[in-house]
Amino acid sequence: MLRWIVFVPVALFAILAVTFGLGLRRDPSAIPSVLIDRPVPAFVLEPVKPGVAPFRQEDLKGKVSLLNVFASWCSACRYEHPTLMALAENNTIPIYGLDWKDEPRACLDYLERSGDPFVSIGGDMSGRAAIDLGVTGAPETFVIDKAGQIRYKHVGPITEDVWRDTIAPLVARLEAET
Amino acid sequence: MKRRFVLAATLAAVLAASPALAVMPDEQLPDTVLETRAVDISRELRCVVCQNQSIDDSAAPLARDMRIIVRERLVAGDTDAEVKAYLVARYGNYVLLRPPLQGDTWALWFAPFAVFLLAGAGVFGFAKSRSLPAPAPLSDADREKLERLRRARAETRSL
């Protein structure tokens, strides 16, 4: 006769297997942002494009926008560049750039060669604004709502799939907010 | 004699050598007390690029920036806890190599003890179920038989 107790190890194993099974499906490199639903931290960044005003976090208020952390040295940024160019050419959404630990000269060369999708670019040589934003690498893209709050952070390049399946629906929802 | 000296010197040099540090001399604070605190804090903070190294160990540029921030906060008069809170406000608890004890981490901290207790209880229960009941005391007939056997054995030995 089997007593109920012999099933305890089996049940424990099942629970562990399910827990670890779910855990394996998660991406360990994805770090949740603590800044979601919080205002963009204050910054004043030197403009990368000559002859324009500094880029401030207040510039992001009043519309739904993207804040893209990139750099000319960042190879994955080249991968998402065509997507950003398409968004800019179709006037889909204003894209602001944070040029992370990069020479302005190198950045301008890069944009000259591959096109400039940005409304405005702030140069973050010291990397302080990036740290205030909790940036862990480039590229990263923040979706900013009309109130100037961070609503989503995408780590890694924005491919067409990422735009269509994740960011575009969110942007549409945020546009509908008053 | 000279040879022995060279050997000793080599050994001393090898023992005195420390592993290469990620912390660059230009980052270090002149105040040794603050610098020691900075190193202690840096060892508790995760490099968010490499993820399994502390910022004290990591050569990543972002880790360098974070080390410099740690030192700036200390010079500004922050306590160790305030320095950590500064980075947690930006990167979340993820940046702490030792997760804090709070609502969503209690399982992380106490599950090992729970498993240990559970396993202990299991072993205890198993051992108890296997132990045999104490044997009944010998009857008079058994005692006589035992006595007879002992005597018989003693006789065979003395032969």
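In strand S3 of chain A, Arg56(A) is the bridge partner of Val44(A). Strand S2 (residues 44-47) of chain A, joined to S3 (residues 55-56) of chain A by two bridges, runs antiparallel to that strand. Strands here are DSSP runs of type E with at least two residues, helices are runs of H or I with at least four residues, and both are numbered from the N terminus. Two strands count as paired if DSSP finds at least two bridges between them.

The model is predicted: local features need pLDDT of at least 70, side-chain atom pairs count only at pLDDT 80 or more, and totals for chains, interfaces and linings use all residues. Residues are numbered from 1 along each chain as its sequence is written, while chains are lettered from A and ligands numbered from 1 in the order in which they are written.

S2(A) also pairs with strand S6 (residues 120-124) of chain A, in the antiparallel sense and over two bridges; here Glu46(A) has Gly123(A) as its bridge partner in S6(A). Strand S5 (residues 95-100) of chain A, by contrast, runs parallel to S6(A), and five bridges join the two.

A residue is buried if 20 or more other C-beta atoms lie within 10 Å of its own, exposed if 12 or fewer, and partly exposed in between, with C-beta atoms placed from the backbone. Leaving aside residues up to four places away in sequence, Ala130(A) touches Val69(A), Leu98(A), Trp100(A), Asp124(A) and Val135(A); contact requires the C-beta atoms of two residues, placed from the backbone, to lie within 7 Å.

Between the chains, 11 residues of chain A are in contact with 11 residues of chain B. On the side of chain A that touches chain B, four residues are nonpolar, five polar and two charged. The predictor gives the complex an ipTM of 0.81 and a pTM of 0.76.

In chain B, helix H2 (residues 32-42) has Ala38(B), Ile41(B) and Ser42(B) as its buried residues. Seen down the axis of H2(B), these fall within an arc of 95°, so they line one face of the helix. The buried residues of H2(B) pack against helix H3 (61-75) and H4 of chain B, whereas Thr32(B), Val33(B), Thr36(B) and Asp40(B) are exposed on the other side of H2(B).

Glu112(A) is in helix H3 (residues 104-114) of chain A and is exposed, with 9 other C-beta atoms within 10 Å. Ser75(A) lies in helix H2 (residues 75-89) of chain A and is exposed, with 10 other C-beta atoms within 10 Å.

Definitions and conventions. Arc of directions from axis to C-beta. Nonpolar A, V, L, I, M, F, W, Y, C, P; charged D, E, K, R; others polar.
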